[in-house]
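Please look first at the sequence and the structure shown below.

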Amino acid sequence: MALSIIESCVNCYACEPLCPSDAISMGERHFRIDAKACTECDGDYADPQCASICPIEGAILDASGQAINPPGSLTGIPPHRLDAVEAEIRAR
Amino acid sequence: MELKVIAQDSPAPTGGCTSGACGSSTDAMAHLPDHVRKKVHNHPCYSEEAHHHYARMHVAVAPACNIQCHYCNRKYDCANESRPGVVSELLTPEQASKKVLAVASAIPQMTVLGVAGPGDPLANPQRTFETFRRIVDKAPDIKLCLSTNGLALPEHIDEIVALNVDHVTITINCVDPKIGAQIYPWVFWNHKRVMGAKGAKILIKQQQRGLEMLVERGILVKVNSVMIPGVNDRHLEEVSKIVKTKGAFLHNVMPLIAEAEHGTFYGVMGQRGPTKQELSDLQDACAGDMNMMRHCRQCRADAVGLLGEDRGQEFTMEKIEAMEVDYSAAMERRARVHEGIEAHRKTMAQAVQPTKEMLAPIGTPPARIAVTTKGSGVVNEHFGHAKEFLIYEASPEGVRFIGARKIANAYCVGPDVCPSGDDKGTVLDAILAALFDCSAVVSAKVGIEPWSRLEAAGVTPSGTYAMDDIETAVRGMYGELIEQGWAAKDLSVQAAG
Ligand code: SF4
Ligand code: SF4
């Protein structure tokens, strides 16, 4: 039972002080979660704190490797719209 | 230079009055207690005049944020405090205080230190307040300020008061949760991510409470709003009224800047920003209500320097680590420089005695005049080196400041390198677009080539007022225009972009 942070983390520090288990620390390139220490906030909070403040979609994964905040869930930008706009910018 | 404030004899219309018709009211600050007015009058950030002489700096110590705004992409710095797409070098409180001391001893004009990002200062209370504590200890001659979205403001009031923070800026884009839901997709509150209108309602309540508490404790509060056409543009006049009633001393309306490249919600969804005219109309409409800040430059979260300049490159952490700073010696030097500045400001204020006389017969149309300056309140920048134009409006009743307009590139790239061929045209086109409503541009010097293009575009260039104080120069130029029988520009026309 542990969450993980992947390389899309932008190192904003928001999650680190919120963790009730002191499981989050700055890694070499981005923040990381110590899987042994992470409790998924069980017993402390209803929602995992790191995933509740993280502004980056896809940066935090649940124990099964699924993004807790999937594309579009935080910014409100429909993923197909983002893809289309990015493709258009690349084509310029 | 003391700008004469133009009185309004009739109450400002609440709708979009044209820029020519309403000036900033003499009573714009009448609702404020004396000590606040005095503080504002001398403030490098808030007094248009003091702005020419003193500087502020920001340090990027606060990376985390507790809300999401639709005009912000969290891969970059907070969009309220920076131009979009900028990433600041994150500093620890220790590095930041080192940097502040180094800058303050090199640039004695630097008198205000702000924490504004790259996230929200109060979402990083330890880092923000530790930075402040270090500065209070070592450099008591520096004023502190912070900018916040307001969500965590009420819980930190005591600390803000204890550290003697000089002023706080709150970004308030709405007072209606339904509008808020179109601006803020979520807030982090009470250990939960709260989405939509429910989240916006919490944010609005905290902002208003924070504003009230700060005013109660005697701290200057400025309110910033981002103008988002079709979302909150019609709503901001109400916001302006409310924040004024609660005691904010200034309301600053900034334009939304949204480009697809920034990857923000608004950028990707094609939300447009306001035109210059729409922005100016709203600022006028709100100015009838309270003092508006027109000289705000939307500086970066790690900006250093005077007016629009940014000397950040001289103070990278690497360079600072190598510096030896003796701050007590620096503090004496700074005090002497500040005395000199005050003496200079006094002479300038006396040089331009506000006259009761009209500048021109009643009925003469107003003219907008662009000025280039490096600071000190005088015309001392060459046209070719200016990356920013200060726009003034002269009318029979007097001179008033309209705003600062930045351009991406100065006409000349270096002290001696002025453009040739096609580049010349494009750079000048951008300058002409920025000066669309101006009838003249007053600089320390104007080169021959831009001179003729400016003339052809109906903007009379002048180098006659080099080193004159700005108000004298603008008055003189207005007189010249009248003498020439210039073709007055329609100041209510819609500007492109
Ligand atoms: S889920 Fe909770 S315990 Fe686990 S890292 Fe995130 S904040 Fe810490
Ligand atoms: S909140 Fe998200 S982006 Fe910020 S440091 Fe934590 S994992 Fe990285």
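## The interface between the chains

Between them, chain B and chain A bury about 2000 Å², and 62% of this is on carbon and sulfur atoms; buried area here is the accessible area, taken with a 1.4 Å probe, that two parts lose on being put together, summed over both. Of the area that chain B buries against chain A, 28% is supplied by His191(B), Arg193(B) and Val268(B), more than by any other three residues. In terms of contact (heavy atoms within 4.5 Å), 25 residues of chain B touch 28 residues of chain A.

This is a predicted model, in which local features need pLDDT of at least 70 and side-chain atom pairs count only at pLDDT 80 or more, while totals for chains, interfaces and linings use all residues. Residues are numbered from 1 along each chain as its sequence is written, chains are lettered from A and ligands numbered from 1 in the order in which they are written, and side-chain values use heavy atoms, with hydrogens and water left out.

## Charged pairs and the side of chain B

Two salt bridges are counted between chain B and chain A, a salt bridge being a side-chain nitrogen of Lys or Arg within 4 Å of a carboxyl oxygen of Asp or Glu. One of them joins the side chains of Arg92(A) and Glu261(B), at 2.6 Å from N to O. On the side of chain B that touches chain A, strand 6 (186-189), strand 7 (192-195) and helix 8 (265-269) each supply at least two residues; helices (H or I, at least four residues) and strands (E, at least two) are DSSP runs, numbered from the N terminus.

## A sheet of three strands

In chain B, three strands form an open antiparallel sheet in the order 2-6-7, where two strands pair if DSSP finds at least two bridges between them. Strand 2 (67-68) and strand 7 of chain B are the edge strands, each pairing on one side only. Strand 2 and strand 6 of chain B are joined by two bridges in the antiparallel sense, and Gln68(B) stands opposite Trp186(B) in strand 6.

## A sheet of five strands

Chain B also has an open sheet of five strands in the order 13-12-11-14-15, with mixed pairing. Strand 13 (398-406) and strand 15 (460-462) of chain B stand at the edges with a single partner strand each, so one side of each has no neighbour in the sheet. Strand 11 (residues 367-371) and strand 14 (residues 438-442) of chain B run parallel and are joined by four bridges, and Ile369(B) has Ala440(B) in strand 14 as its bridge partner.
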